[in-house]
Amino acid sequence: MTDDFASKVQRQIERLQHYSYQALEAEVAQKRLAWFRQHDQIAARYDHPTPRQAFELLFFGYMGLSPHELPIVSEAETEIVWQSANPCPTLEAAKALGLDTRTVCRAAYEKSTQAFVSQLDPQLRFLRSYDEIRPYAGYCRETIVRVDFEAMMRIALEEAQASRQEGNQGYGAVVALGRRILSRAHDTAVTQRDPGLHAEVNAVRQAVQVLGGDNLSGAILFSTGEPAPGVPRWPSGPTSRR
C-alpha cells in the first residue's frame, strides 16, 4: 500500500466516522456535478451517449482509473457490464471500521454515481450488484444500461386501460430497475373500496415484494399521472400529467 493510497484510506475512515451516509452522498454528488460544470464542453460532445461512453467518461475521464482495473464482462449497444478491481479507499476504510460495503456503497455512493451518469442522459442507469461486491467477492460487478422510457410508459398506459376496463380511475404505473420490470400495476381504489390504492402505491408495493426488501435504490417509477402526495418519487423518473 503506497503512502498516497494509505492517506486516502485514512481520510475515508475519518469521513465514515464523522459524517452520515446522507451527508457523504450529498458531498460526492456535488463534487461530481461540479466537475461537469467545469467540463461542460465534454457532455456537449454527446448527442445520444452510449453506455460505453458514460463508462469511459466516469472512470477514465473523471476518476482517472485504468482499463485493466475495470475489465469488461459483456457489452451491447444498450448495456455495458464490468468488474471493478481498482484499489478502493472506501473498501479498505469499511474493512478497517467493520462496516458492510453493501450498506456503505449503496447508501453513500450509488445515487451520486447515478447523478453523474444522468448528466449525460437520464435514460442511462448505473446499477451495482450487491451479491458481487468486495470483500464478499473478488470484484464489484457494475453496469450501465440504457432504459427505454417510451417502452416503459407504453406499459404504464396499458395498465391505465386495464384500470378503466375494471371500473377504476384509469391510471397505470411501472417500477423498473434497469431494463428489468419489477412491477406493473394500476389503481384499484374503486373496485377494492380503498382510496389509498393508487397505481403508484400498488406498483411500489409489488416491487418491494419482488425484491424482498424495501430498498428501491436505482429504480424508476413511471406513471401516467403525477404521483400522489406521500408516494415515493425518483427524481429522474418520468411522469406525465393526464
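Figure 1. In S4, Phe126 is bridged to Ile144. This is a predicted model, in which local features need pLDDT of at least 70, side-chain atom pairs count only at pLDDT 80 or more, and totals for chains, interfaces and linings use all residues. Residues are numbered from 1 along each chain as its sequence is written, and side-chain values use heavy atoms, with hydrogens and water left out. Helices (H or I, at least four residues) and strands (E, at least two) are DSSP runs, numbered from the N terminus. S3 (residues 124-128) and S4 (residues 140-146) run antiparallel and are joined by five bridges; strands pair if DSSP finds at least two bridges between them. Take a look at both faces of S3: Leu124, Phe126 and Arg128 on one side, and Arg125 and Leu127 on the other, are all buried. Buried means under 20% relative accessible area, exposed over 50%, and partly exposed in between (1.4 Å probe, protein chains only).

**Figure 2. The loop between S3 and S4.** Here you can find Pro135, which has its place in the loop between these two strands. The peptide bond joining Arg134 and Pro135 is cis, with omega about 5°.

**Figure 3. Helix H4 and its buried face.** H4 covers residues 51-62, and at 1.5 Å a residue its twelve residues should span 16 Å; the end C-alpha atoms are 15 Å apart, which agrees. The expected span is 1.5 Å times one less than the number of residues. Pro51, Ala54, Phe55, Leu57, Leu58, Phe59 and Tyr62 are the buried residues of H4. Seen down the helix axis, these residues fall within an arc of 165°, so they line one face of H4. The arc is that of the directions from the helix axis to the C-beta atoms. An α-helix has 3.6 residues a turn, so residues three or four places apart point the same way. Just after H4 comes Gly64, with a positive phi of about 70°.

Figure 4. The structure holds eleven aromatic pairs. One of them is formed by Phe149 and Phe222, edge-to-face, at 5.3 Å centre to centre and with 75° between the planes. Phe149 belongs to helix H8 (residues 149-166) and Phe222 to strand S7 (residues 219-223), so this pair ties together parts that are 73 residues apart in sequence. Rings of Phe, Tyr and Trp (its six-membered ring) pair if their centres lie within 6.5 Å; planes under 30 degrees apart count as stacked, over 60 as edge-to-face and the rest as tilted. Phe149 counts as buried at 13% relative accessibility, and Phe222 is buried at 0%. One aromatic cluster brings together Phe55, Phe59, Phe60, Trp82 and Phe126.

**Figure 5. Strand S7 beside strand S5.** S5 (residues 172-177) pairs with S7 in the antiparallel sense over five bridges. Among the residues involved, Ala176 has Ile220 of S7 as its bridge partner. Both faces of S7 are covered, with Ala219, Leu221 and Ser223 on one side and Ile220 and Phe222 on the other all buried.

**Figure 6. Two arginines over tyrosine rings.** The charged end of Arg102 sits over the ring of Tyr136, 4.0 Å from its centre. Likewise, Arg106 has its charged end over the ring of Tyr130, 4.2 Å from the centre. A charge sits over a ring if NZ of Lys or CZ of Arg is within 6 Å of the ring centre and within 35 degrees of the ring normal.
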